[in-house]
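Please look at the sequence and the structure shown here before reading on. The report that follows takes up a few parts of the model in turn.

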Number of protein chains: 4
Amino acid sequence: MPLEFRFRHPVPVRFKDIDIGGHAHHSHALVYFEEARWAYWREVVGRGRPEQVDYILADVRVRYHQRVLYPQTLDVGVRVSGVGRKTFDMVYEVLGEDGTRLVSGASVQVAYDYEAARSVRVSDELRRVLEAFDGPFA
Amino acid sequence: MPLEFRFRHPVPVRFKDIDIGGHAHHSHALVYFEEARWAYWREVVGRGRPEQVDYILADVRVRYHQRVLYPQTLDVGVRVSGVGRKTFDMVYEVLGEDGTRLVSGASVQVAYDYEAARSVRVSDELRRVLEAFDGPFA
Amino acid sequence: MPLEFRFRHPVPVRFKDIDIGGHAHHSHALVYFEEARWAYWREVVGRGRPEQVDYILADVRVRYHQRVLYPQTLDVGVRVSGVGRKTFDMVYEVLGEDGTRLVSGASVQVAYDYEAARSVRVSDELRRVLEAFDGPFA
Amino acid sequence: MPLEFRFRHPVPVRFKDIDIGGHAHHSHALVYFEEARWAYWREVVGRGRPEQVDYILADVRVRYHQRVLYPQTLDVGVRVSGVGRKTFDMVYEVLGEDGTRLVSGASVQVAYDYEAARSVRVSDELRRVLEAFDGPFA
């Protein structure tokens, strides 16, 4: 898991996220990651609307370190950690208001043409933007 | 609230529906209604796929009678209670596995052309189908 | 529906709220209301933690005026509109970032003792706080 | 990923699971896994009520193979693949109605005493039940 995130995004926990255990249901980790990923896509890549998404998720991994409690605003870090021919990797970290690391994770995205319904190469333009912001990649 | 429903649909409660109070979060009432409404649309009206929806919700009302607990399969009744020029009304009832009425409600739908992004008249075909199944309407 | 709200609370829409129609699923109206209601309870009433809740929902009503789109931060108004012996009423309004009214609604709460599992009288203390902030009530 | 599951559980997709892409939002994979895991806990282990849960999730992994569409009832396989001193591993497979593998995954659970708020050893009783049903473990 990486230690530094140039891009961070605040995500308020909602009461509805909380399950019978008194903490956010574990599936919400993916929602917190996602809000930060969308914000990255809007602010770094410049594609902000839901219909502009140009990738699909292929693989996610989540590690739960501490309980996510309500109410608080999470501080979610997201970073592109690698770009392949048709895929790119992202890593995440969710901090609580006191700075404790609550959740971390990683995802693999596949560049995707929704109209053609098939995977495509990561465009040179996208690769340049990601590399400029979070690169160089190994 | 009506007492009889010709159409009923089973909806299993999910663990994730349950909130810190140990019962389904109140917003799930609308999801239970919706599953029954979709089933009605598939089985009675004959339009079953999400992209075939031809109305929007304008108004909903929910009454909470008893807690919705997990695990169980709910028995959700849904009925069209009236058809107007551009709208139609539906009523709902959610029973628990022991037959107790847990939630009831009502909704108003507006016939809608998603491509044109505007409300439209309820088609004669739809009116006939609804009237034949749940009519006559007042 | 009332026109003025002394208490307002910001609620960011999440991507996951959006359904196949490209707008927030209608059940999220209740979640937006709820976030504002919890904030009211924390900031006005002074009870902020999920385990401090002392009421249950008996009845909700939602009116959908315009689609709720992503991304944006909603401005949710909430107000106590009346206090009875065992119940109190609240009304809500959800505005979009451009000030358009997207959703409005109302709810009835019953004062509840979770340990005893039964409804109770609205305490004089709570009545005074609500009346001082949002009263006088009719 | 294992190929055989002695325990399988049906999970109907809900309309609300579907996101703007027309398929279930990726976080629902964890909900489908969970419904099968709860059913396993009820039917194999004999602990069926939410307040009887005696573990926490430490780590999950999800692989997305095909889109999860609505409406359909998923066939979710779940298996305990290993038991450690304080943890146990589970693997999952989500099949569509036509038998296509849509999602697969794995999770690591930590045996947990909620009252004491700390991890505990997997009880001998639980180990025996899991081993008898899904063992022998490597």
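The sections below describe a predicted model, beginning with a contact between two chains and then turning to a single chain.

## Where chains B and C meet

Chain C has 14 residues in contact with 14 residues of chain B. On the side of chain C that touches chain B, the elements giving two or more residues are helix 1 (28–45) and strand 2 (55–64) of chain C, and strand 2 of chain C provides the largest share, eight residues. Sorted by type, the residues on this side of chain C are nine nonpolar, two polar and three charged.

Strand 2 of chain C is also joined by five bridges to strand 2 (residues 55–64) of chain B, and these two strands run antiparallel. Among the residues concerned, B:Arg63 has C:Asp59 as its bridge partner.

## The helix of residues 28–45 in chain D

Helix 1 of chain D has 18 residues and reaches 24 Å from its first C-alpha to its last, which is close to the 26 Å expected at 1.5 Å a residue. This helix is mostly covered, with 13 of its 18 residues buried, and just after helix 1 of chain D comes D:Gly46, which takes a positive phi of about 85°.

D:Asp75 has D:Leu95, in strand 4 of chain D, as its bridge partner.

Strand 4 of chain D is joined by nine bridges to strand 5 (residues 101–113) of chain D, again in an antiparallel arrangement, and here the bridge partner of D:Asp89 is D:Val108. The hairpin of strand 4 and strand 5 of chain D has five residues between the strands, and in this hairpin D:Gly99 takes a positive phi near 90°.

Methods:
Residues numbered from 1 in each chain as written. Chains lettered and ligands numbered in written order. Predicted model: local features only at pLDDT ≥ 70, side-chain atom pairs only at ≥ 80, totals over all residues. Contact = placed C-beta atoms within 7 Å. Helix = DSSP H or I, 4+ residues; strand = E, 2+ residues; numbered from the N terminus. Nonpolar A, V, L, I, M, F, W, Y, C, P; charged D, E, K, R; others polar. Pairing = 2+ DSSP bridges. Expected span 1.5 Å × (residues − 1). Buried ≥ 20, exposed ≤ 12 C-beta atoms within 10 Å, placed from the backbone.
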